[in-house]
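Reader: I'd like to go through this structure with you and ask how each label was reached. Could you show it first?

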Amino acid sequence: QVRLVESGGGLVQTGGSLTLSCTAPGTIVNFNTMGWYRQAPGKQREMVATITSTGNTNYADSVKGRFTISRDNAKNTVYLQMNSLKPEDTAVYYCNIRRFEIPRYDYWGQGAQVTVSS
């Protein structure tokens, strides 16, 4: 079982910033897509942002212009810089790494709580 190590969650006031990071083991096969998803209480998990190994990014409309996803391929690490946070950003944020070509895989982090107070 591959373990993704997440860090950076916490409590912040409206308008504040947080940075999440997630590191995959060095043995994982490259050329993958890394991303962040979130799940608020009573809601389904939703995509926040993804980034391919070549740097192509995709964002949910609700976070465009406020969140930035990036990755360091040498460190197998993906980051999520979150600015101008709103109470509706409160959720558990999950890191994901997946590869669609063989060898395929799809791994999830344990989740990091982000709470934005009003």
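Author: Gladly, and let me start with a definition: buried means under 20% relative accessible area, exposed over 50%, and partly exposed in between, with a 1.4 Å probe and protein chains only. This is a predicted model, in which local features need pLDDT of at least 70, side-chain atom pairs count only at pLDDT 80 or more, and totals for chains, interfaces and linings use all residues. Residues are numbered from 1 along each chain as its sequence is written, and side-chain values use heavy atoms, with hydrogens and water left out.

Reader: Thanks! Why is threonine 54 called exposed?

Author: Threonine 54 has 66% relative accessibility, so it passes the limit of over 50% and counts as exposed. Threonine 54 sits in the loop between strand S5 (46-52) and S6. Its C-alpha atom is 9.4 Å from that of asparagine 73, a residue 19 places away along the chain.

Reader: And what makes threonine 33 buried?

Author: The value for threonine 33 is 17%, which is under 20%, so threonine 33 is buried. Threonine 33 belongs to strand S4 (residues 33-39). Beyond its neighbours within four places in sequence, its contacts (heavy atoms within 4.5 Å) include Thr50, Ile51, Arg71 and Phe100.

Reader: How do you know that the radius of gyration agrees with a compact globule?

Author: The radius is taken over C-alpha atoms, and the globule rule is 2.2 Å times the number of residues to the power 0.38. For 118 residues a compact globule would have a value near 13 Å, and the protein chain has 14 Å, which agrees. Along the principal axes, the C-alpha atoms fill a box of roughly 45 × 25 × 25 Å. Buried residues make up 43% of the 118.

Reader: What is the confidence of the model?

Author: The score is pLDDT, the predictor's confidence in each residue, from 0 to 100. The mean for the protein chain is 95, and 100% of its residues reach 70 or more. Confidence is lowest in strand S1 (residues 5-7), at a mean of 93, and highest in strand S6 (residues 57-59), at 98.

Reader: What makes the backbone at phenylalanine 31 and serine 84 worth a remark?

Author: Most residues other than glycine have a negative phi, and most peptide bonds are trans. Phenylalanine 31 has a positive phi, near 55 degrees, and serine 84 has one of about 50 degrees. Phenylalanine 31 lies in the loop between strand S3 (18-23) and S4, whereas serine 84 is in the loop between strand S8 (77-82) and S9.

Reader: Which peptide bond is cis?

Author: The bond joining isoleucine 102 and proline 103 is cis, with omega about -5 degrees. Proline 103 is in the loop between strand S9 (91-99) and strand S10 (105-108).

Terms used:
Helices (H or I, at least four residues) and strands (E, at least two) are DSSP runs, numbered from the N terminus.
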